[in-house]
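Here are a few notes to read alongside the model.

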Amino acid sequence: MKEILILKNVCKSFNGLEVVKNVSLKVKEKSITGLIGPNGSGKTTLFNLISGIYKIDNGKIFFNGERIDNLEPYKISNKGIIKSFQIPRLLKKLTILENMLIAAKNIKGEEILNVFNKNNWRKIEEENIKKALSILEFLELKELRNSLPTNISGGQLKLLEIGRALMCNPRILLLDEIIAGINPILAEKIFRKIIELRDNFNITFFIIEHRIDFLFDFAEYIFVMDKGKIIAEGSPKEIINNEKVMEAYIGEK
Amino acid sequence: MIAFILDTLIWIALYSILSLSLSIEYGFTGIMNFGKALFFMIGAYVSAIVTLNGLNYFIGLLFAILFSALIGLILSISMIRIREDYFAIVTLALNECFRIILKNEYWIAGGPIGLRNIPSAFPLKNLSYEIFLLLNLLLIIGILLFFYLFLRIIINSPYGRILRAIREDELLTQTLGKNTFKYKTQAFTIGSAMAGAAGSFLSQYIGYVSTDLFLSTTTFTIWIMCIIGGPSNINGAIIGALFMRGIERGTRILKDYVSIPIDPNNFMFIITGILMVIFIMYKPEGILREKRMRVE
């Protein structure tokens, strides 16, 4: 299978502090790839670099053979790279359903000159609403569609964050600790959904997760980061038996 | 008395347009525009210059809208990327810069004297004052209605949803694939065009323009109307204008009936200030709050 996302020698520092050091990695298309590492190892920063929220200092990022590291975040997003946020970021004064719809595409309805003719965009809007409601139903949030995100629980916010990412028609989803704070039964259901999406819609998943039990059950390939570097990579089995990884998490023997 | 009422209604409608224009910028898109009086002024001057050169008022109105939209577009492209609080400072300063330049440069538009004898939109002879006011009222309500319906369509579309998303979280909206820069620029341009139209009406209505009509206090009045009425609701913007003009005119009438120990003008400022504080503390969303989408 070909590689959809390639990072070559990516570096990033904040005020002299090197957060991501010379990271190179390849994510295969249609795979579920995990990224693990201790707190502060630079995982989220790496995701922010891929999605263009931060600009990289050095190196190159390729998506589907195309260089993307110099593009603006919205252009990267439109290429199909969608990121979920570790701490849910939601639009507080828009309803749950609107929070979902904002991620959908309605090319005509989003252009000022086209909004005056409702026929231009009403049909797509209705389809988007249908899609959003079905995703909300899956996430057990459908009843809350008309309430504000400020009125729902932390776990539900995380679910909404996933739901919104699914609305985008992504080619690759960068999921940042999606199941933290979600009950195990639903978490398992979410991972099963991830596999279903991968199989049916050819979506690639790149996942940061601390719940290694879940991740190792579902992921095919794992990268391990520590102090801004990739210290190990391989299948979940190889990673479990890797001494370097143990050292990074628990300390030297 | 009829003239007084008509005049009051005209001013309410005029300020409704301004308040609406701030509502699309601040209430829906989150742009802190503290230079509203600048575009009001540009519209007034452009329209005045056009009509003083013998052209019809409606051509002047069109020029005023286009010209203030153009200035709004140029300014927003150059500075909309800066953070919102700095944007407020920059627009406030720009307002003063433009005003002081106009005031000191005679060749542009008369300097401190301003422009006088601006032809009315209704240059009919033998027109009674009440009819003149009524025609003006119809004109301004027409302009208001046009912009009101325009905004109503915009904010109830996916386009409006993106504007509101930008207000809540610009970075997030960007990562969801929306070119927020484009949307903010457009919202600012629309707001500027609306303020320009209001300025154009003012210049023909009172027949003269001078820079002293467009001090920053005008901007602040519009802000107060917008915040009290409900910035994220287009009906709220109009309610705000009604409310504030009501207080202003009401205090003037009040002095005929009740003896208050202070000047009615100052009394108005006191009431406005107190109301502003009360609203920001206890009802920050304004009299009318944002409409929510409901889907069964």
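1. Of the 296 residues in chain B, 50% are buried (20 or more other C-beta atoms lie within 10 Å of the residue's own, with C-beta atoms placed from the backbone). Please keep in mind that this is a predicted model, where local features need pLDDT of at least 70, side-chain atom pairs count only at pLDDT 80 or more, and totals for chains, interfaces and linings use all residues. Residues are numbered from 1 along each chain as its sequence is written, while chains are lettered from A and ligands numbered from 1 in the order in which they are written.

2. Chain B has 12 helices and 0 strands. Helices here are DSSP runs of H or I with at least four residues, strands are runs of E with at least two, and both are numbered from the N terminus.

3. What about overall dimensions? The radius of gyration of chain B, taken over C-alpha atoms, is 19 Å, which agrees with the value near 19 Å for a compact globule of 296 residues. That rule is 2.2 Å times the number of residues to the power 0.38. Along the principal axes, the C-alpha atoms of chain B fill a box of roughly 60 × 50 × 40 Å.

4. Now to the partner chain: the contact takes 30 residues from chain A and 25 residues from chain B, counting two residues as in contact if their C-beta atoms, placed from the backbone, lie within 7 Å. On the chain B side, α6 (129-155), α7 (158-168) and α8 (170-175) each give two or more residues. The most come from α7(B), with 7 residues.

Notes: Buried ≥ 20, exposed ≤ 12 C-beta atoms within 10 Å, placed from the backbone.
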